[in-house]
Amino acid sequence: MSANSAEPVGSLEVVLVKGGRTKIRYNAALLSDDGTRIAVRAPWAGDGVRDFGFVRFEAGDVFTEYYWRDRWYAVKEVRSATGALKGWYCDVTRPATLSGTQLVVEDLDLDLWRSADGTRVLRLDEDEFAESGLADRDPAAAAAAVSALDELEALATVAGGLESLLHDSTSSS
């Protein structure tokens with residue numbers, strides 16, 4: 001069963017912070033919260049089309065997003081308006097925090113993309129990460145971020161690796 005078929009159990013406002021400032025905020029349907037992992041679904045929240053060259057995010061796309069309170073990343077399953085899987089966009093972040101109905105996530109610049117067919121796994125924005133100065137300001141956080149990117153890349157290069165993170169541990173599907 002696709003995560004996109006889960007019924008919402010509430011709603012949250014996702015707040016993405018980068019460099020100490022709010023980068024974007026959007027409403028999302030809360031799919032589950034097991035105390036460690038939070039799953040939400042939202043339409044593409046960006047302005048217009050964002051063409052990365054390897055994927056286009058556009059109106060109608062649906063993101064099923066998974067955030068952890070104890071991991072340094074978020075994994076987003078991206079589907080087109082027709083439901084076709086485009087792939088997975090992974091953000092390296094500090095562990096997510098939930099306060100009331102606001103899910104706050106601090107983006108640490110590093111990203112990873114895995115195409116739907118698994119043939120393309122791309123490490124992204126390593127130059128932005130280096131320029132951010134995090135390694136000087138907070139060496140422990142920088143090390144955790146690099147380790148998280150390495151973990152995501154390892155999972156993305158094996159069949160079912162990223163998908164294994166997304167299965168609800170409380171269900172038998």
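The questions and answers below look at a few residues of this predicted model and at the terms used to describe them.

The model is predicted, so local features need pLDDT of at least 70 and side-chain atom pairs count only at pLDDT 80 or more, whereas totals for chains, interfaces and linings use all residues. Residues are numbered from 1 along each chain as its sequence is written, and side-chain values use heavy atoms, with hydrogens and water left out.

Q: Why is Lys76 called buried?
A: Buried means under 20% relative accessible area, exposed means over 50%, and partly exposed lies in between, with a 1.4 Å probe and protein chains only. Lys76 has a relative accessible area of 9%, and therefore it counts as buried.

Q: What makes the pair of Lys76 and Asp91 a polar contact?
A: A polar contact is a pair of N or O atoms within 3.5 Å; within protein, one must be able to donate a hydrogen and the other to accept it, and residues adjacent in sequence count only if both atoms are side-chain atoms. The side chains of Lys76 and Asp91 are joined at 2.7 Å, so this pair meets the distance limit.

Q: Which side chain makes a polar contact with the side chain of Glu128?
A: The side chain of Lys18 does, at 3.3 Å, and Lys18 also has a polar contact of 3.1 Å with the side chain of Asp109.

Q: Why does Asp109 count as buried?
A: Its relative accessibility is 9%, which is under the limit for buried, and therefore Asp109 counts as buried. Asp109 is found in strand β10, and, leaving aside neighbours within four places in sequence, its contacts (heavy atoms within 4.5 Å) include Lys18, Val92 and Glu128.

Q: What makes a set of residues a nonpolar core?
A: A nonpolar core is a set of buried Ala, Val, Leu, Ile, Met, Phe, Trp, Tyr and Cys residues joined through side-chain atoms within 4.5 Å. The largest one here has 25 residues, and among those with the most contacts inside it are Val75 and Leu152. Helix α3 gives the most to this core, with eight residues.

Notes: Helix = DSSP H or I, 4+ residues; strand = E, 2+ residues; numbered from the N terminus.
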